[in-house]
Amino acid sequence: MNAISHDVSKPAVAPGSEGSRLASLNAWVAEVAALTKPDAIHWCDGSDAENAALIAQMQRDGTLVKLNEQTHPDSWLHRSHPDDVARVEHLTFVCTSKQDDAGPNNHWMSPSDGHKQMDALFDGCMKGRTMYVIPYCMGPIDSPLSRCGVEITDSPYVVANMRIMTRMGAPALARIEREGKFVRGLHSIGELDPERRFIMHFPEELTIKSFGSGYGGNALLGKKCHALRIASYQARNEGWLAEHMLILGLENPQGETHYVAAAFPSACGKTNLAMLIPPEGYRADGWKVWTVGDDICWMRPGTDGRLYAINPEAGFFGVAPGTSEKSNPNALASIQKNTIFTNVGVTADNQPWWEGLDNGQQPVTDWRGSAYDAAKGPAAHPNSRFTVSAKQCPSYSEQAENPAGVPISAIVFGGRRASLVPLVFEARDWTHGVLVGAAMGSETTAAATGAVGVMRRDPMAMKPFCGYNFADYFSHWLSFDKDGAKLPKIFHVNWFRKGDDGKFLWPGFGENLRVLEWMIQRVKGEASSVETPIGHLPAEGDLNLDGVKLSEEGRAKLFGFDHAGWQAEFASIGEYLDEYGPRMPQALKDEQQRIAKALSN
Ligand code: SAT
Ligand code: MN
């Protein structure tokens, strides 16, 4: 009998009898309890009653602040520690037996040193606290592409977020019992001391240990730690891909839907693109965009040779600032109820508020809980977030729960590039496309601590998230190009090109549909293009610009090809690939050299 207590204050009985496949889970929970010494253990079942009890407890102790019940029913504000507001890449480690397996793209520590360091932090850290055991499934509960995990945490805020972001509780535990295999994630907020904060991954053991942060990707271990770092490693061994990509369905007026997966670094508009509302003329013609996922995509080849994708998540952990009725009406509609807001400002009548909300209201309190003072910075932290179930999104795709996943027609890579990179181009073939992804560059954002606006290589938007050596990761990508494969076309976009006046040249948001339309026409062989050394650019008139106001400069920069600029870029890409030494696949280096040579003419 699985005995799961609803009373969060009492220790619950561990599920699974002697000899059940949950024995290894029970043994691990007992081992963690012996180390961390909690006052109570609670096995989460994911029920409404459990959630209500947790929320009430957090409201009592101030972890959650109730928002205006009339305007935002069942919605809450959480203020994280002011030193704990983003992912911490410099404190994130991949602990593989051999350092080379983690690669120059990761901070490395040996597994034994990693465990030693983490276990010293975890020793007795849950005294006076309840330890929550969260069984969860990443992906639809009945999908063969899904994978399960268990997070142990001392943060009820994490439990409430994991309940929204994953399929959490009894059904996940039943699947774990069936499969006998799961990712182990141990988390404690510790004292929220940045000096005692580490996020460590042990991919060979399918294990995560995270200490000292209660924020987003550092603490909701199903998300970046499991679904990207550990899953990318698992995916390589098992022949699939775990990617930092949104998934959307583009339905044309004939009712035909093509699915697109797109990789952009954190805080570069994945949520907005995934929930795009077509411009008016397109809408009238019957174009629709369906949201499958806004952040993570797991793909594997189907029997027909196409790549099939699921969104492993069940909710959105979206960036609040900039979300408005104009920029993303679907997101705004999604977060009117049952939403947890983290680090936003509030209005006089207790409604959530952030910069760019543009609804005529004003904040009175900032994200720290102080009286709002414009001179002291924004009301909402630039990396403030909303956590909400995907089911509340008006554009949520019916296919998102399909256990078989959706077939992908196009893969898009995109960075934040103020100069050089045109609006869109298409890779010549798969190998070229892998190079396009590998060479991705983007300016840094507030999603991670550190400087903002600094250009860095962020291959496939996976720099912070690939759980193994990038050279091996690119080899794995290249390996999908085999007999019988019907691979998607690969594109690169840049919504962020700026003019001489420093303003964005492309209107973005809904107008991005025009670019998606061209891509699908290319997939179907219906649109032409101009061949350049960097790939195929849309020819004049190929991309529908009716009703879009573009300056001469805009047209030239968004659709032009800067020969000298790309020469320099390819020299820099060559240097980047060389940083990985002989492990970097020769096919990728050859491709880089072919293009560099074509550019030298
Ligand atoms: O990694 S988080 O989940 O905190 C958000 C992001 O950076 O995409
Ligand atoms: Mn992300």
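Trainee: Which residues coordinate the manganese ion (ligand 2)?

Mentor: The manganese ion (ligand 2) is coordinated by Lys224 through NZ, His244 through NE2 and Asp295 through OD, at 2.1 to 2.2 Å. Donors here are N, O and S atoms within 2.8 Å of the metal (3.2 Å for Na, K and Ca), and water is not among the atoms, so sites may look incomplete. Before we go on: this is a predicted model, where local features need pLDDT of at least 70, side-chain atom pairs count only at pLDDT 80 or more, and totals for chains, interfaces and linings use all residues. Residues are numbered from 1 along each chain as its sequence is written, chains are lettered from A and ligands numbered from 1 in the order in which they are written, and side-chain values use heavy atoms, with hydrogens and water left out.

Trainee: How are the donor residues of the manganese ion (ligand 2) spaced in sequence?

Mentor: The spacing is K-x19-H-x50-D. Helices (H or I, at least four residues) and strands (E, at least two) are DSSP runs, numbered from the N terminus.

Trainee: Are Lys224 and His244 buried or exposed?

Mentor: Both Lys224 and His244 are buried. Buried means under 20% relative accessible area, exposed over 50% and partly exposed in between (1.4 Å probe, protein chains only).

Trainee: OK, next one. Which residues are around ligand 1?

Mentor: Among them are Arg87, Tyr215, Gly217, Lys224, Ser266, Phe317 and Arg385, where a residue is near a molecule if one of its heavy atoms lies within 4 Å of it. A polar side-chain atom of Lys224 lies 2.5 Å from an oxygen atom of ligand 1. In the side chain of Ser266, an N or O atom is 2.9 Å from a ligand 1 oxygen, and a backbone N or O atom of Gly217 lies 2.8 Å from an oxygen of ligand 1. The protein covers 98% of the 250 Å² of accessible area that ligand 1 has on its own.

Trainee: Which residue does UniProt list for "active site"?

Mentor: The unreviewed UniProt entry lists Cys268. Cys268 sits in the loop between strand 14 (257-263) and helix 9 (270-274).

Trainee: Why does Cys268 count as buried?

Mentor: Because its relative accessibility is 2%. Leaving aside neighbours within four places in sequence, Cys268 is in contact (heavy atoms within 4.5 Å) with Arg416, Ser442, Thr445 and Phe496.

Trainee: Last one. How many residues of helix 13 are buried?

Mentor: In helix 13 (residues 470-478), 8 of the 9 residues are buried, so the helix is mostly covered. The buried ones include Phe470, Tyr473, Phe474 and Trp477.

Trainee: And what caps the N-terminal end of helix 13?

Mentor: Asn469 does: a side-chain oxygen of Asn469 lies 2.8 Å from the backbone nitrogen of Ala471.

Notes:
A polar contact is a pair of N or O atoms within 3.5 Å; within protein, one must be able to donate a hydrogen and the other to accept it, and residues adjacent in sequence count only if both atoms are side-chain atoms. Accessible areas come from the Shrake-Rupley method with a 1.4 Å probe; for residues, only the protein chains shown count as cover. UniProt positions are given in the numbering used here, feature names are shortened, and annotations may be inferred rather than shown by experiment.
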